[in-house]
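Hi,

Here is the structure I promised to pass on to you. Have a look at it first, and then read on for what turned up.

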Amino acid sequence: MKRYLVSLFVVLVLFVGVWAQSTIVVGTTDKIRTLDPALCYDYFSSNILQNVLAGPVDYKVNSTEIVPNLFESWEVSEDGLEYLFHVKKGVVFEDGTPIDASVFKFSFDRVIKLGGDPAFLLSDIVESTEVVDDYTFKVTLQYPFSAFVSVLGYTVGWPVNPKVFPADRFYDGAPSASGPYKVTEWIRDVRITLQANDKYFGKKPKTDRIIILFYENAATLRLALETGEIDIAYRHLDPRDIQDLKSSKSVQVIQGESPQIRYLVFNTQKEPFDNPLVRQAISLAVERDVIVEEVFLNMASPLYSLVPMGMWSHEDVFQEGDLEAAKQLLYQAGYDEKNKLVIDLWYSPTHYGTTEADVAQVLMESLEKTGIIDINLEYAEWATYVDYFLNGVMGMFLLGWYPDYIDPDDYLWPFLSESGGRSLGSFYVNPVTESLMRAARVATDQEVRSQLYKLVQQDLAFNAPYVSLWQGVETVAAQNNIKGILLEPSQVFRYYLLYKE
């Protein structure tokens with residue numbers, strides 16, 4: 001009897017312990033592609049890493065200001081080529097492995113060696129890395145780059161555990177945590193569970209456990225919110241659902257300005273998109289206003305550059321729709337009403353939300369108004385889609401961009417440099433444009449950089465390897481008792497600040 005009572009007591013203690021944990025359930029239609037910083041280059045995967053790993057620098061909460069994190073301080077040589085970073089002492093991964101200068105060298109070198117999607121952010125600028133002592137890490141650049149520290153705010157420069165991540169290949173599992181949360185369960189496309197990391201050096205998360213559930217579409221995501229299955233719906237509710245939920249008494253809808261952009265990509269090495277006249281004609285035939293009004297119910301804004309509105313150096317460089325001008329360019333390119341331009345338009349049906357099919361339909365209708373273009377709509381799920389554009393399968397396709405770092409460089413270099421063009425499937429090469437961007441990277445005066453970036457944007461519109469479409473609005477819907485939701489200009493969604501009232 002005594003043994004029975006002891007066993008019952010243990011079970012009750014365990015039960016109460018689990019029950020006492022604070023938990024918030026988040027729903028999304030997005031997907032995790034990878035949690036390896038050397039390969040990760042999509043928003044949702046990156047955002048999970050931002051809650052599980054600690055970076056060398058961070059963004060001040062609700063700001064675009066870069067602040068020290070694992071790098072407590074740093075010095076830069078007079079010529080701007082050498083950075084000496086001082087690593088915070090006493091920080092460990094969840095298994096107790098110390099994070100020191102050798103870990104940073106391993107992580108930087110691994111990214112560059114493996115050459116994954118985001119590797120060019122380091123490989124294009126880093127000449128060498130060096131362990132000066134246990135807690136001093138030296139990086140030498142190929143040329144001065146005024147926004148280099150800002151780049152380290154993105155996960156490509158964040159340290160990984162050498163005991164977990166192999167040096168010679170990508171890692172397909174969950175990372176060893178150094179941030180506020182650790183991953184305790186990950187069933188792909190079903191759920192991922194984040195538990196407070198007791199080895200984290202910073203403040204304890206306001207909620208012990210975050211469970212993220214993955215939904216097939218916006219309709220099931222909305223239903224999960226309305227039935228109380230989830231506490232937060234984050235990426236992507238349908239705009240019409242958002243409008244309806246705004247009148248709900250039990251749900252709060254939070255919206256904020258965002259530097260997220262959407263655009264068309266052309267594979268400039270693939271016929272007929274290797275012809276600038278074809279790309280320019282398509283840029284003149286798209287109807288941004290129709291997309292914004294009909295698909296997004298004005299919860300977005302037409303965008304006429306890749307640099308988002310509100311960011312210094314932004315300039316409207318693409319023309320508004322002009323059907324007659326588009327037709328004239330198509331005639332020059334050798335197409336007419338009897339010899340039509342027949343092309344595929346690709347989209348991913350769920351990664352950007354259920355509105356993506358509607359966007360593709362509107363684009364098709366706009367381009368076919370020329371009477372010269374015929375569109376075949378094609379789609380692929382995200383993993384296949386990424387494989388297709390990286391390997392040059394698709395000629396014209398839709399993509400979106402969230403910033404890696406808050407600087408105009410991040411909206412131009414990853415698109416228009418040769419290495420960046422490869423990572424986005426445009427395969428665009430323009431030495432003149434690249435030299436202008438490099439000059440802007442070296443310059444330290446913002447006005448000088450701004451003028452150079454305006455020249456780059458003008459070249460973007462002239463050659464049109466991409467066509468900007470719209471700038472989005474960030475939206476989260478949540479139960480009324482959920483607090484701590486911040487839609488930050490850095491686009492970092494901090495799960496560790498969420499809590500229930």
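**Where the two domains meet**

In this predicted model, 15 residues of domain 1 are in contact with 20 residues of domain 2. The bounds come from the domain assignment of the protein, which gives 52-153 for domain 1 and 258-473 for domain 2. Between the C-alpha centres of domain 1 and domain 2 the distance is 32 Å.

The size of an interface is often given as the accessible area lost when the parts come together. For domain 1 and domain 2 the buried area is about 1400 Å², and carbon and sulfur atoms give 63% of that. As for polar links, six residue pairs are in polar contact across the interface of domain 1 and domain 2, with both residues of a pair at pLDDT 80 or more. Salt bridges between domain 1 and domain 2 come to zero. On the side of domain 1 that touches domain 2, the elements giving two or more residues are helix H4 (120-123) and helix H5 (148-151). The residues on that side of domain 1 are nine nonpolar, four polar and two charged.

Is Arg33 buried, exposed or partly exposed? Arg33 counts as partly exposed because its relative accessibility is 25%, which falls between the 20% and 50% cut-offs. Thr34 has a relative accessible area of 3%, so Thr34 is buried, the limit being under 20%.

Which side chain does the side chain of Arg33 meet in a polar contact? The partner is the side chain of Asp117, at 2.7 Å. Leaving aside residues up to four places away in sequence, Arg33 touches Leu39, Asp42, Ser45, Asp117, Arg188, Trp382, Val386 and Leu390. One of these, Ser45, is 12 residues from Arg33 in sequence, with the C-alpha atoms 6.2 Å apart in space.

The side chain of Thr34, for its part, reaches the backbone nitrogen of Asp36 at 3.1 Å. With residues up to four places away in sequence again left out, Thr34 touches Leu39, Cys40, Ser45 and Tyr171. Thr34 and Ile48 are 14 residues apart in sequence, and their C-alpha atoms are 9.9 Å apart.

Best wishes

Conventions
Residues numbered from 1 in each chain as written. Predicted model: local features only at pLDDT ≥ 70, side-chain atom pairs only at ≥ 80, totals over all residues. Heavy atoms only, no water. Buried < 20%, exposed > 50% of the residue type's maximum accessible area, 1.4 Å probe, protein only. Contact = heavy atoms within 4.5 Å. Polar contact = N/O pair within 3.5 Å; in protein donor to acceptor, adjacent residues only side chain to side chain. Domains from an automatic or database assignment. Buried area = accessible area lost by both parts, 1.4 Å probe. Salt bridge = Lys/Arg side-chain N within 4 Å of Asp/Glu carboxyl O. Helix = DSSP H or I, 4+ residues; strand = E, 2+ residues; numbered from the N terminus. Nonpolar A, V, L, I, M, F, W, Y, C, P; charged D, E, K, R; others polar.
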